[in-house]
Amino acid sequence: MPTHAETRTMPYSAQQMYDLVADVASYPKFLPWTAAARIKSLDDKGDHSVMDADLVISFKVFRERFTSRVVLWPQTRKIDTEYLDGPFKYMKSNWAFRDVDGGCEVDFFVDFEFRNRILQKIIGVVFNEAMQRVVKAFEKRANTLYG
């Protein structure tokens, strides 16, 4: 179903951008359609951490909670997310952060499908615009925190 992948160069360090994306609890402060976030668990596994988190998404008349497992890889600055429970048939996303001259490169990929056909159709129409708004929200948050 809908997938989105892009690479952006940001004028901040890979560590700063990794920290911003890893701070799931702060998503309602800046991420479109994110009404609430709750960290259910965070387990340190040595070279990585595993976080289970609930997010509440609110879009027009739809308001849904979903649970994701977020795997944080601090040494390689990668974040992998997989869907556990909620309105999706499936959802996966990946982030990778690399330092480059003058900042860092951010790779982002997401692939998902809603169970609700009406919501899937609505998202299908505005998917690219929605993903651009999400990426811009992270950029704006980075400017606020680090600019």
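The exercises below concern a predicted model.

**Exercise 1. Determine which strands helix H1 lies across, and how H1 runs relative to E6.**

Solution. Step 1: locate the helix, which spans residues 14-22. Step 2: list the strands that H1 lies across, namely E1, E3, E4 (62-73), E5 (78-85), E6 and E7. Step 3: compare directions; H1 runs at about 160° to E6.

**Exercise 2. State the order of the strands in the open sheet, and find which strands stand at its edges.**

Solution. Step 1: the open sheet has seven strands in the order E1-E7-E6-E5-E4-E3-E2, and their pairing is antiparallel. Step 2: E1 and E2 each have a single partner strand, so one side of each is left without a neighbour in the sheet. These two strands therefore stand at the edges. Step 3: from one strand to the next, the twist averages 15°.

**Exercise 3. Describe the pairing of strands E6 and E7, and name the bridge partner of Asp 99 in E7.**

Solution. Step 1: recall that strands of a sheet pair through backbone hydrogen bonds, either parallel or antiparallel. Step 2: E6 covers residues 88-100 and E7 covers residues 103-114; the two pair in the antiparallel sense, over twelve bridges. Step 3: the partner of Asp 99 in E7 is Cys 104.

**Exercise 4. Identify the salt-bridge partner of Glu 139 and decide which parts of the chain the pair links.**

Solution. Step 1: the whole structure contains eleven salt bridges. Step 2: one of them joins the side chains of Glu 139 and Arg 8, at 2.2 Å from N to O. Step 3: Glu 139 belongs to helix H3 (residues 117-146) and Arg 8 to strand E1 (residues 3-10), so the pair links distant parts of the chain, 131 residues apart. Step 4: Arg 8 has a relative accessible area of 25% and is partly exposed.

**Exercise 5. Decide whether Asp 54 is buried or exposed, and trace its salt bridges.**

Solution. Step 1: buried means under 20% relative accessible area; Asp 54, at 6%, therefore counts as buried. Step 2: Asp 54 forms a salt bridge with Arg 38, with the closest N and O atoms 2.8 Å apart. Asp 54 lies in strand E3 (residues 49-59) and Arg 38 in strand E2 (residues 34-44), 16 residues apart. Step 3: Asp 54 also meets Lys 40 in a salt bridge, at 3.9 Å from N to O. Lys 40 is in E2, 14 residues from Asp 54. Step 4: Arg 38 is partly exposed at 47% relative accessibility, and Lys 40 is partly exposed at 43%. Step 5: a network of salt bridges links Arg 38, Lys 40, Asp 54, Arg 65 and Asp 85.

Conventions: Residues numbered from 1 in each chain as written. Predicted model: local features only at pLDDT ≥ 70, side-chain atom pairs only at ≥ 80, totals over all residues. Heavy atoms only, no water. Salt bridge = Lys/Arg side-chain N within 4 Å of Asp/Glu carboxyl O. Helix = DSSP H or I, 4+ residues; strand = E, 2+ residues; numbered from the N terminus. Buried < 20%, exposed > 50% of the residue type's maximum accessible area, 1.4 Å probe, protein only. Pairing = 2+ DSSP bridges. Axes fitted to C-alpha atoms, helices over the stretch in contact; angles between N-to-C directions. Contact = heavy atoms within 4.5 Å.
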